[in-house]
Each structure stands twice: as structure tokens, then as C-alpha cells.
Amino acid sequence: MAEKIVSLKNVCMYFGGIRAIDDIDFEVEKGRVFGIIGPNGAGKTTIFNVITGVYIPTSGEIYFHDNLLNKLMPHTIIDKGIARTFQNIRLFEDQTVLDNLKIAHFSHTRYGLADVFLNSSRYKEEEQRIEEESIKILNFLNLADLMNKKAGALPYGEQRRVEIARALCCKPEVLLLDEPAAGMNPAEINDLNQLILKIREQFNLTILVIEHQMRLVMEICEEILVLNFGKKLAIGTPNELKNNPAVLEAYLGKTN
Amino acid sequence: MTKKNYSTGKNEFLWQLAILLAITLTLIALKEMRLVSTSFLLILQYIGIYAILTLGINIVNGYLGVFSLAHAGFMAIGAYVSAYLSKYFFTDITMFAVSIMAGAIAALLVGILVAIPSFKTKGDYLAIITLGFSLIVQSLLQNARFVGASKGLNNIPKFTNIYWVFGCLLFAVFITNRFVRSKYGRSMQAIREDETASNLVSVDVRKIKTIAFALSAFLIGISGALIGHLLGYTSPSAYGFVNIVDGLVMVYLGGTGSIVGSIFGSAAWQLIVQLLKQLDTWRWVVGGILLIFVMVFLPKGVFGNMELDDLFRIIKEKINRKEPGRGIRNG
Amino acid sequence: MNVNIIIQQVINFLQLGSIYALCALSFTMVYGVARLVNFAHGSIFGVSMYVLFFASTFLFERIKSPWFVYVIVLIIASVVTSLIALLLESAAYKPLKNAPKIAVVVSSVGAGMAIQYLILNLAGSKALRMPALIPNLRIELAGIPVPLYKIMVIVIAILTMVILNVIIKGTRLGVAMRAVSQDRIAAGFMGIDTGRVVSASFVFGAVIASVAASLYGTAYSIFAYDVGEGIIWWSFIAAVLGGIGSISGAVLGGYIIGAISIIAPILLPVSSYKDIVAFAVLIIVLLVKPTGLMGKKDIEKI
């Protein structure tokens, strides 16, 4: 058996009477590209939100390796090795692309206030290191030309890639991508597929991806979780799901 | 900030240091050679002290983007603690630095407590909590007999002079400048733009807020210590709502998120106040209307999120008109 | 304590609480619809006091019927303050529609300061005594003498709240106001003239503040140029305590602050500690429930 890196056990998230996710149960193997699909309002983003600590689940347990994440603050969870992007891009629009990436180095920048005020050599080294690492990641994603531009001034597609670059600066083991292909045409989706596989390879990542675009999901996901009204409808490989009547009826049947 | 990156901010820092040093030397010349009147010297000291206050407010209200009204409380703490010490314990001017530090550190410690409500509460609610803090401090002082209740402390040794003021200002500028360029400063500005997203890219939001409030209170405490030892007295009435507004005006006039803006805001407002003094009570009417005008025509203040080099670059671009649109906010 | 004093204190509490509740309502109306903490609102209250003072002093020399005078001066004060509120809106707030939110707040601080000191310069710093707007008769309540004006203050305040409630729940304008306060952009798409609705909220705020001023003048009579500062601060705090933007929250908050103001001085050695108690209550409430007692919890969408 391969190592489980993220596991959710009977996780529920209720907002008042609304059951955003209800009794969700799944495990993700290390190194996989794991897809989460389902109609709007099925609770996909809520799963990302409970994993990253934005919401504290009403009940159930969330594990990263063997660590229980349930009541940790988001930054602690990110620091442990999970990073994410957002459905509605949330870059720091007034900051440059480079600064956006540097901000994401926060938890593993090793200097304190004294280093700042004394301008110590550790301060200078660390600042240089995070700058170099940021630029390396920008180069990897072909964004280096944009590093001095304000993030808010970039076109949509580039903002999506900057967000991925920023998430990579958190040095994650697991990367959560929330609808990375939204608004893209088929050619762009192909590029994105290649990019996702490439960063998995390069950064040794496990990737969870929420997507509506079947093209992306079916081509690169090795395992897929199908949600409907906050409940788990099915889980399996793309091929298994293609033949699953419940999934076909609830979701794929209507989309294709 | 539109800098290329932070490690090249050094040049600019030296620049600012040089400018301030030049100013200070000029001031020394002014004082020792009696080139200007004592009343003008006094105005310069007000400008310096209020510039420290404005820098302190700017850290929380500008860089961190939290609308706090706690500064009157911090200033009162700085003023009372330091004045009490130099009145009863450190009566010699050689110990003035100790008094100032004690006042500033007292304010810092309280600042850490005031940061706690900002973890969960936002916007107008936080504004009212911090206002509550300021008014509670004022009210406690009004009832505290050992510091003179509503009459306040009198006969505080007048240790403050132009050297102390500008020495402290230099120190405040230095600290603020280093701080805002570090990961702490970057994180503050990230929180200002999107707190949740900051938290989700590993920024410890609570820690940053606590540090920001602490540093802000520390600087404001210094300004309080200086003003008490300049006037020779301090009373609760100097830390009420009018004084809260005074501080805000300087921050938002000069520009949020800017060191140069803080100094400019203080200088401009103190000069305006001096000029309007002849108007007696009408000055508040004129001042209020002026405030509306500034906000309508310069909603981000004169130096909103800009330092001197940004301004020079923009002017250069305006002259060349080769690279249009790299303005400050909308890129 | 004997029953007499307790009843007197309960009436004092209801009187003060009603005035705070009304002021908090006027504050919350503007906030809920225009999304603006209007720091100039205290000065509008102050203007109201002075208009009421001068108009009633003038009229009482000529007209005998006190109730008639009361209605007339209230209308005059409402009109004057509404005009000032509209002037402020168009000169100090509307031009800042696209500016950072804080710019509008600072602008309103400036406006408040300008108006308050304009009053000082025009009317002087001397404290004035408001003529008795409501005739001061004594009635007996279960054998205990109670001044009629106190009862009238409470009745008029509650009546105003009821009328306001009817307007907000039942009229087209009220529905539009609620729509704008929930989602301004969506309300605009539904064909609501949001600009007008916002202006209307300023007028409502001014009129309610005028009613509150008339009651304050009746209840406490002595006032000076800075009268608006204190009363509006406390009603702002009341509004925040109840959950700013919430009508029922403003009323609840008003009565809580009223209760603290009456009870705290009885129990505490120094009467000015009541401010500290009120702020402490506020801070504790906000720490436990960051959007106030009746405020809606907002779940951030990600």
C-alpha cells in the first residue's frame, strides 16, 4: 500500500441548517493527482477550506500524514506542508509579483525582529535566499518577466499561474488547486495539464484539484472523488467513474 | 510599495538617513546660533514629536490597514509613565533616556493587549473598541489621584529639547524603515490587502498584528514622553477625542503607508494649526473644512503608499511620458 | 431603597435609554444604508438642539399652545438638519464614492468638527437652557408622583420607533432601503435608485436625531455647543453594541447603555467610572460576538 498523505474521516461541515459537506471520507495517496468534481454547491471548495483550517469542521477528523489538523490555524497547516490556490484569485493586487511570492515564504524565513533592526548577516542572507528561490520558481513557471509588475495589473491567466507560483513558495508537500482551468480554452487547458504534471514532478508534490473541466480531470487525475449535495457519490479512477451509472446520471450525463 | 525588490531599498534608506541628518544638523545650527526665534524652534519640536506619533499610528492604520483609535491611550501612557519617573525618580537629565524608554515600553506592553481584539474584530467594530481603550485610559487618569486626577502632572522637568526630539525621530524613522521592509512589513501589507489569503500563504496573522500594535504603541509612547517633558505638564484632557482626530489628520493628510508622508503630514498640520491660531476658535471650522477638501482631492493623502524615490520616479515618468500608467495604485 | 426611588430610577432609565435608542437608531439608519460611520452625526444633533432652542424661544413669546409650538419647532429642526445632512452627503461623502473607505470616515470627522465649532462661533460657548417643550405637569402613578414630561419623552421615543418600523417594513421606500442595505449593487440592478435611497437614509437620520434632540432638551434642558459629542458617542457605542446596521440591535443597545448609565453610578464609588463600565461591557460583547448582539455573523466566502 502506498503512503496516505491526506485523509478525511467522516468530516461534516454545517452552516446553521445547511450541510455544506456531510460525512465525507477519503484518502489521498502520496504523489497522486487527485480530482474532486461535482456540480456547483456540492461542497468542493468547502473540503479545501476545512483541510486548510479556514473552517473548523462540525465533526470528523482530517489528517495530514499522521497529524490531526482539525483545530489548527491556517498558517500552521500551511507550514506543515499544504498550500492552496483560490477559486476567485486572491493575489495581493497592490504588491508586485515578486513580493507576492516573498510573502508566501513567511513561515520558513528564519530571522527575528532583532535581525531586522540590527541588519544582521542572517537577515541579509535570508532575504537574498527567499528572493532567489522566488525568482527560481517564477522562472520555472515562465513568469520571471513579470516579477516587478503589480499582481493586480496582470491578465487573468497569468494571475492564475502567479497564484500557483505563490503556493509553491510555501514549500508544500500537498498542493490544492481550486478550479485552475476556470475560463480557459482547450489549448490553454492542455498547457495547464502539462504544467500540473511538471510541477508535481519537479516539486515532488501530491495534488488535489477541484475542476469542472472534464478534459483536465479525465486526462491527469489518477483518482477522482465525485460529490453531490455535500455527499460522497463515488470515488475511483476516471475509467471506473465513466462506467458508474450513479455518476453518469448525477453529473457526467448532464455535462457531456 | 512599487520597489523592484527589498534588498535594493538600501540606497533609498541611506538617502533618507542623509536627508534627516542634514535636517538635524541644520536644526542644531539654528538653535545654537540663534538663527530663528524660540517660538519657531518650539514649532519644530512639535513637528518632530508629532512626526513620531504619526509614524506610530501609520504602522497600524497605514501599513497594517487596521483603523485603530488607540493612539491617544498609548500617548497618555507614554507621557504619564515617563513624566512620573522623571519627576520623582530620575530627576537628572542624564536619565531622560531611561524615562522615555520606560514610557515607551509601558505603552508597548499595553499595545500587545490592545492587539488581541483585532484578531477577530474588524473595521468599525475594532475602531470603537480601540476608541473605548483610549477613553478608558483617559477616564482612569481623571480619577487617579496619585497622578493629579483631572489636573494631571505639573512641574515635569522640561528635559525635551530639539536634539532629543530629532534624535528620537531619527530612531523612529530608522526602526520603521527597517521594519516595513522586512518580512514583517511585507506581511503587514499583505494582511491589509487580504487577511485570509495572507493566513493561507503561511503568514501568522495574529503574531504580525501583535508585533505591529506593539511597535506602534512603542513609538507613540516615545512621542508622549517627549511632549510631557516639552510642556512641563500633562493632563487627561490632552488625550481625548480631539487629540485622536489630530493624529488621524496627520496620518491621512501625509498619506498612509509612508514614512515621508508621516513626517510631511505632521509638518503640514502643525504649520496649519500655527497659521490658524490667529483665527481662534474659527480655526477648527477651517481645519474641518480643510480636512474634507484634502480627502476629496487627495483621498490617499499626499504620499499614500509612496516614499521619496517613488515620487521622483513618477515625476520623471511624467516628464518623459515614455512609460505611462505605472502610477502608484492601479499599476 | 424604597419603592418610590426605584420607580423614579426605572423611569429615569427608560427616559435615558429611549433617547440613546433613538440616537442609535438614527446612527444605524445611515450606517446600514450608506455604509458610513458618520462622525458628523453628533454635530447634526447639536444643530438640532440650537434650532429647537432659538425657534422655541422665539415662538413661545407669540404662541400660547405648547404642543403646537413643539410640533412646529420639531418640523423646523428636522428640515434644517435634513438640509445640512444632504449638503454634507453631496459635498463631503459622494465625491469619495470610489476612494478608500477610510477617506469618507476622515471626511466626516472633518465635517463634524467644522459644524461643531461653527455652532460655537455663532452661538457662543455659554450653556443654554432649553424652554420646556413639553408642559411640565405632575401625574400620579400608583400613588407616586411622576413628572409628565418624562413619560412623554418615553412615549414619543417609542412612538417614533414604531413609526420608523412601519415605514421600513411596510413602505416602498422602506423595502428599497432594506434592499440597498443588504446588497447595494444587486439593489441597483433591480431598478432601485440607490443614490436616492442613500440620501433618504441621511434625511431619516437627521429627522430622528431632531426628535431625539427635542427629547433630550426636554429631559435635561441644559446644553452647550458640544452637546452632540457626548450623546452621539454613547449612541454610537449603543449601535455597535447591538450590532451596527441592525434596527432592533440599536434599540437594545440604547437601553443597555441607558441602564448602565443609571445603575453604575449607584453601585460605583466614582460616577465617571460608568464610562469605563460601558466600554468594558462593549469590549466584552464584541470579543465574544464580533458583530454585536444582533449583528449577523458573516461567513467569508472563499
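This is a predicted model: local features need pLDDT of at least 70, side-chain atom pairs count only at pLDDT 80 or more; totals for chains, interfaces and linings use all residues.
**Exercise 1. Describe the make-up and overall form of chain B.**

Solution. Begin with the secondary structure. Chain B contains 13 helices and zero strands.

Next, look at the extent of the chain. The C-alpha trace of chain B spans about 60 × 50 × 40 Å along its principal axes.

Then compare the radius of gyration with the globule rule. For chain B the radius is 20 Å, close to the 20 Å that the rule gives for 331 residues, so chain B is as compact as a globular protein of that length.

Finally, turn to burial and contacts. In chain B, 55% of the 331 residues count as buried. Of the contacts in chain B with a separation of 6 or more, 79% are between residues 24 or more positions apart.

**Exercise 2. Determine how helices α10 and α11 of chain C pack.**

Solution. Two packed helices are described by the angle between their axes and the distance between the axes.

Step one is to find these two values. Helix α10(C), residues 247-267, and helix α11(C), residues 273-288, pack at an angle of about 140°, and their axes are 9 Å apart.

Step two is to classify the angle. Over 145 degrees would count as roughly antiparallel; α10(C) and α11(C) are therefore oblique to each other.

Step three is the handedness: α10(C) passes α11(C) in a right-handed crossing.

Step four is to list the residues in contact. From α10(C) come C:I257, C:I260, C:S261, C:A264 and C:P265. From α11(C) come C:Y273, C:K274, C:V277, C:A278 and C:V281. Sorted by class, this contact has eight nonpolar, one polar and one charged residues.

**Exercise 3. Describe the side of chain C that touches chain B.**

Solution. First count the residues: 38 come from chain C and 33 from chain B. Next, find the elements involved. Those giving two or more residues to this side of chain C are α4 (101-123), α9 (227-242) and α11. The largest share, 13 residues, comes from α4(C). Last, sort by class: this side has 30 nonpolar, five polar and three charged residues.

**Exercise 4. Do likewise for the side of chain A that touches chain B.**

Solution. The contact takes 34 residues from chain A and 29 from chain B. On the side of chain A, the elements that give two or more residues are α2 (74-80), α3 (97-103), α4 (113-118) and α5 (121-140). By class, this side has 12 nonpolar, 10 polar and 12 charged residues.

Terms used
Residues are numbered from 1 along each chain as its sequence is written. Chains are lettered from A and ligands numbered from 1 in the order in which they are written. Axes are lines fitted to C-alpha atoms, for helices over the stretch in contact, and angles run from 0 to 180 degrees between N-to-C directions. Helices (H or I, at least four residues) and strands (E, at least two) are DSSP runs, numbered from the N terminus. Angles under 35 degrees count as roughly parallel, over 145 as roughly antiparallel, 65 to 115 as roughly perpendicular and the rest as oblique. A crossing is left-handed if the near helix is turned anticlockwise from the far one by less than a right angle, and right-handed if clockwise. Two residues are in contact if their C-beta atoms, placed from the backbone, lie within 7 Å. Ala, Val, Leu, Ile, Met, Phe, Trp, Tyr, Cys and Pro count as nonpolar, Asp, Glu, Lys and Arg as charged, and the others, Gly among them, as polar. The radius of gyration is taken over C-alpha atoms; the globule rule is 2.2 Å times the number of residues to the power 0.38. A residue is buried if 20 or more other C-beta atoms lie within 10 Å of its own, exposed if 12 or fewer, and partly exposed in between; C-beta atoms are placed from the backbone.
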